[in-house]
Amino acid sequence: MPNRRIIAIWFPYMGAERILRKTQHNLREPIVVVTNKSQSEIITSLCSVAQSKGIFAGQSLRDASAICPNLFIKIQNSHAENQFLKGICRWSSKFSPWVAIEGDTGLIMDITGCSHLFGGENKMIKHILLAYDEIGLTSKIGLSLIHISEPTRPLYISYAVFCLK
């Protein structure tokens, strides 16, 4: 079996960017998405503006509000975020027919045999990053080479090649 070229795509602000797309909220104001956990409201997602003010995912809303009192706060809707990620996955199949959801905020894409259509792996990844940026999604991409040995007993060995943006 041949080597596979796999990219992992992570959307670090997906929950907040889903809200931004839905509400047309002011992009200069910080937005956070929270969930109730252990009788406390915890930030699950935030926008880059909130992050630049020192707020981070996993932080309590109380602490974040002390740092930045003018937060725009939304309650997390896990089902809506999952549906949003499924939509991104379907949309991303224009780059490769082999795209799957990975975790709550990511995709895995097998680009073996596809990258030449975009002028090579680097150009393909830059094209993908630009496409996500154009639809308002912040993304981070890592490329890996996966070698599969012994077809009867697969052993997966992954080598990280590079990470862009």
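A residue is called buried when its relative accessible area is under 20%, exposed when that area is over 50%, and partly exposed in between, as judged with a 1.4 Å probe on protein chains only. The structure described here is a predicted model, in which local features need pLDDT of at least 70 and side-chain atom pairs count only at pLDDT 80 or more, while totals for chains, interfaces and linings use all residues. Residues are numbered from 1 along each chain as its sequence is written, and side-chain values use heavy atoms, with hydrogens and water left out.

The protein chain has 165 residues, of which 40% count as buried. Its secondary structure comprises five helices and eight strands, where helices (H or I, at least four residues) and strands (E, at least two) are DSSP runs numbered from the N terminus. Read from the N terminus on, the elements follow the order β-α-β-β-α-α-β-α-β-β-α-β-β. Among the contacts in the protein chain with a separation of 6 or more, 50% come from residues 24 or more positions apart, a contact being defined by heavy atoms within 4.5 Å.

Helix H1 (residues 14-23) is largely enclosed by the rest of the structure, because seven of its 10 residues are buried. These buried residues are Met 14, Gly 15, Ala 16, Glu 17, Arg 18, Ile 19 and Leu 20, and they pack against strand S2 (31-37), strand S3 (40-46), strand S4 (72-75) and H4. Just after H1, Gln 24 adopts a positive phi of about 55 degrees.

Two packed helices are described by the angle between their axes and the distance between the axes. For H1 and helix H4 (residues 78-92), the angle is about 85 degrees and the axes are 10 Å apart; the axes are lines fitted to C-alpha atoms, for helices over the stretch in contact, and angles run from 0 to 180 degrees between N-to-C directions. H1 is therefore roughly perpendicular to H4, given that angles under 35 degrees count as roughly parallel, over 145 as roughly antiparallel, 65 to 115 as roughly perpendicular and the rest as oblique. In this contact, Met 14, Gly 15, Arg 18 and Arg 21 of H1 meet Ala 80, Glu 81, Phe 84, Leu 85 and Ile 88 of H4.

The structure also holds five aromatic pairs, in which rings of Phe, Tyr and Trp (its six-membered ring) have centres within 6.5 Å, with planes under 30 degrees apart counted as stacked, over 60 as edge-to-face and the rest as tilted. In one of them, the rings of Phe 95 and Phe 118 have centres 6.2 Å apart and planes at 50 degrees, so the pair is tilted. Because Phe 95 lies in the loop between H4 and strand S5 (98-102) and Phe 118 in the loop between strand S6 (106-110) and helix H5 (121-134), this pair ties together parts that are 23 residues apart in sequence. Phe 95 is buried at 3% relative accessibility, whereas Phe 118, at 24%, is partly exposed. Phe 95 also forms an edge-to-face pair with Tyr 132, at 6.4 Å centre to centre and 65 degrees between the planes. Since Tyr 132 lies in helix H5, this second pair ties together parts that are 37 residues apart in sequence, and both Phe 95 and Tyr 132 are buried. Ring pairs link Phe 11, Trp 91, Phe 95, Phe 118 and Tyr 132 into a cluster.
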